[in-house]
Amino acid sequence: MITGTPKPIEEILQMLEPYDTIILAGCYGCVTVCRVGGEKEVEILASTIRLAREASGRKIAIREVCLERQCDPEYIETMRPYVEDYQAVLSIACGAGIQFLAEKYMLTPLLPGINTGFLGVTERQGEWAERCQGCGDCVLHLTGGICPVTRCAKSLFHGPCGGSSKGICEVGKDVPCGWQMIIDRLKSLNQMDNYSKLKPYKGWNTSRDGGPRRIVREDMI
Amino acid sequence: MLKAFENGADGVMVMGCLEGNCHFVNGNFRARARLARVSRILETIGIGAERIRMFNLSAGEGARFAAFVSEFAAEVQQLGPSPINVARQEAAKIPTGEIRV
Ligand code: SF4
Ligand code: SF4
């Protein structure tokens, strides 16, 4: 899922300064799962904003909505009948969802209520960790199911490097060396020969280097 | 919890069962963590973290419950009306009313 963290309330209040009527839009997708932008978070944030604004002597009217997904046009369309009745939309979906709303409603300012994070997993309740950077050319079959792009701090393809010590990466004592994990896993799978199958270099042309990416599936159109 | 303040409470008590005795195992610990978040929000927006507090007691402790309520109500009385109620009273130009817990 796409993860994120709430923006500081002071920052949100500052963004809302020019407005007196807004829509606060959550999303039932990823941000609900990582507890940062679902229905409950919409309610908490709406209450917080209303309280802060009323205490400061200037009330704000908030329409609370939660869309099925903010990254699909059919759900965004459900806001069309009323979106222009409000001065701005504060969205707590991921950056993709917020941008898609902005594209569809050109006359309404869109404000981000969260800081979008990474593609990750729920390691335990309340704790999420990064697993994939969407490099566009997956090698997990060669690396024991552990991503070198993400789990190696330097995204090396033939680690571990000299900064690896006792399984820990030099960037931090709580950061396991991704390459040590890969080697350990390959050994336990009896697949060490995969190490020599990795490409001598990684081409980043499928990643972000070519600018914003697009997928077109003729079979799906 | 925040809704209670929106609805005009000057202070909010959250009652949980005794720690280690929760029917939902760690429900009361989670409630305490959620309450800590709400306290931070209240502090940030100028309402004050001291207006919300968690108390733990068992269902059979009626006298203790009453003591907690009196204690907290007295503290909130000391704090006076919440900034929300002050703003509302000012907006409505009515004199400061009674304290609500
Ligand atoms: S808008 Fe973002 S958070 Fe919501 S479902 Fe789509 S990708 Fe996930
Ligand atoms: S190799 Fe690329 S696609 Fe595969 S998990 Fe890593 S970043 Fe994601």
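Predicted model: local features only at pLDDT ≥ 70, side-chain atom pairs only at ≥ 80, totals over all residues.
Local features need pLDDT of at least 70 and side-chain atom pairs pLDDT 80 or more, while totals for chains, interfaces and linings use all residues. Residues are numbered from 1 along each chain as its sequence is written, chains are lettered from A and ligands numbered from 1 in the order in which they are written, and side-chain values use heavy atoms, with hydrogens and water left out.

User: How do the residues of the shell around ligand 1 divide into nonpolar, polar and charged?

Analyst: Ligand 1 is surrounded by residues including A:I2, A:C27, A:R69 and A:G97, a residue being near if one of its heavy atoms lies within 4 Å. Ala, Val, Leu, Ile, Met, Phe, Trp, Tyr, Cys and Pro count as nonpolar, Asp, Glu, Lys and Arg as charged, and the others, Gly among them, as polar. The shell divides into 6 nonpolar, 3 polar and 1 charged.

User: Which residue forms a salt bridge with A:D72?

Analyst: A salt bridge is a side-chain nitrogen of Lys or Arg within 4 Å of a carboxyl oxygen of Asp or Glu. For A:D72 the N to O distance is 2.7 Å. The partner is A:R69.

User: Is A:K7 buried or exposed?

Analyst: A:K7 forms a salt bridge with A:E11, with the closest N and O atoms 2.9 Å apart. Buried means under 20% relative accessible area, exposed over 50%, and partly exposed in between (1.4 Å probe, protein chains only). Because its relative accessibility is 14%, A:K7 counts as buried.

User: How many aromatic pairs does the structure hold, and what is the geometry of A:Y82 and A:Y86?

Analyst: Rings of Phe, Tyr and Trp (its six-membered ring) pair if their centres lie within 6.5 Å; planes under 30 degrees apart count as stacked, over 60 as edge-to-face and the rest as tilted. The structure holds 4 aromatic pairs over all chains. The rings of A:Y82 and A:Y86 have centres 6.5 Å apart and planes at 85 degrees, so the pair is edge-to-face.
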